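Reader: Please present the structure, and then let us discuss its helix packing and its overall composition.

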Amino acid sequence: MTSTTSSLESVTLSNRKRKIFSAIDHPSNLHKDIIPKIKKGRFINEKDDRIFKKSSNEDKDFKIPIIEKNNKKSKITTSSHIPTEGSKLSKRAIEIQKEDFFLSKGIAIARNNKYHPESNPNGIINLGTAENKLNNAEILSKINDPKVSCITAEQLLYGPNPGSDKLRSEIAKLLNRHFHPKIALNKQNICVGNGCVPLLNLYGEALFDAGDAFLVPGPFYGGFEADIKYGARAYPIPVQHEEGDYLKVSEASLEKALINANRPVKGIIISNPNNPFGRSYSAEQLLLFCNFAKRHGLFVICDEIYGLSTWKNIVSENIEEGKSIEYYECHCSQCQDNKSIKRIESNIDGESNKFSSIFSLDLPDPLNTHGLWGFSKDFCLNGLRIGITISYSKTVMLAIQKLCFLTCIPTNIDNILVHMLSDEKWTDNFILNNNRKLYKNYSHLTNSLNAHGIPYVKGDSGFFIYIDLHQARIDEYIYIYNFF
């Protein structure tokens, strides 16, 4: 690995961020359109009629506005979208309320009718929320260790907005060991925040203007729509995959989506490993996205939140002496009974690819290629909500850090993660054992799917498996769709 820096960057920033930088250059640029004209050299406070004369040493270009009462009669008008009675909402909030978000609908339905074997046996089992509970005992044992979770007087104070230097350095070391970036990461490339959802929105605030759009290979993770649309007001444009492979997207399909877009397209957003397919893109496919983006002046955001849950590769590369890959499969009595049942072949399996972090590639435009990762999935810490942004661009990182005061993590969580990651032997062993458990659960689930005649796309990463209930002789799926 080599480390490089660049003194001159060509990066994409939203007009919103350009205005912020311009205003910071000189305070008088702030909100010029709403600052009233003032009498030269005076600040008048009508309440007590005091007059403060301007010092000759003050910056002549910077004028202090007068705040005056306006006693003139003016016609008050109300927009049609603002109610004259009751609660008032912004146009943005009203627009969001009108938008239909399929994923949140489903989650709400599942939570309000949660399955329980005794009190609600006909309730819903939620298969749509990606939470890994396989290693609760291991992770709780570590973070509840008094040496790890000890709160000091320092943790009672506000911490750095983008995360402590120690934490960002430890995260960089972790990703350098496992993601093998072409250009080694350091703390300057990383911003820590309260989950990948708000951090994706931070990317949206920094890189998009309201009303812009991004290309995303479909079908895609449902959260992408709300994560970046509700805050930054950027909209997804799905891109069609190839006929026999859901993780293969042609340049022609990207070009068609770009040409037919009804909004200005600023970037491409992908998840690798992919959600919902539980598979990794090939290195060639990732580079196709990046080269297309560079040619059209777009940026790329790659969500790699399952990057350390690539269980097929990790398990097969760490087989213990005297054992085979079959040793790590599930050997319960049910699986033994179902093991001989053949899988229904799928015509969309495509090729299985080894996971490659986008940062491990020879990127055509590294300053406009950005990433996300987090602790929720790979370390079973969903509830702590810790995500990170990754970027080689100093300009983009500066923009992110201007906004990240909205997404700070608690100082005690920062401290816990520092202690956890600094124990590299424990961390790497946890990652390996987590992937072995994921591999075992995958084999258990697929044996059951085979027994019930349910077709699926073979997986190799993450927590997901893409199934087809149409051929499964199951009528219940119709009942589920009726909820929506």
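Author: Helices (H or I, at least four residues) and strands (E, at least two) are taken here as DSSP runs, numbered from the N terminus. The model under discussion is predicted.

Reader: How many helices and strands does the protein chain have?

Author: The count rests on the DSSP runs just described. For the protein chain it gives 17 helices and 11 strands.

Reader: At what angle do helix α7 and helix α14 pack?

Author: Helix α7 covers residues 196-207 and helix α14 covers residues 394-403. Their crossing is right-handed, and their axes lie 9 Å apart. The packing angle is about 115°.

Reader: How do the residues in the contact of α7 with α14 divide by class?

Author: From α7, the residues L202, Y203, E205, A206 and L207 take part, meeting V396, A399, I400 and L403 of α14. Glu counts as charged, and E205 is among the contributors from α7. The division is eight nonpolar, no polar and one charged.

Reader: How is α15 oriented relative to α16?

Author: The axes of helix α15 (residues 411-422) and helix α16 (residues 424-451) come within 5 Å and cross at roughly 85°. Angles of 65 to 115 degrees count as roughly perpendicular. Therefore α15 is, relative to α16, roughly perpendicular.

Reader: Which residues in α16 are met by M420, L421 and S422 of α15?

Author: By class, this contact has three nonpolar, two polar and one charged residues. The α15 side supplies M420, L421 and S422, and their partners in α16 are E424, W426 and T427.

Reader: What share of the 484 residues in the protein chain is buried?

Author: Buried here means under 20% relative accessible area. Of the 484 residues, the buried share is 44%.

Key: Residues numbered from 1 in each chain as written. Predicted model: local features only at pLDDT ≥ 70, side-chain atom pairs only at ≥ 80, totals over all residues. Heavy atoms only, no water. Axes fitted to C-alpha atoms, helices over the stretch in contact; angles between N-to-C directions. Left-handed = near helix turned anticlockwise from the far one by under 90°. Contact = heavy atoms within 4.5 Å. Parallel < 35°, antiparallel > 145°, perpendicular 65-115°, else oblique. Buried < 20%, exposed > 50% of the residue type's maximum accessible area, 1.4 Å probe, protein only.
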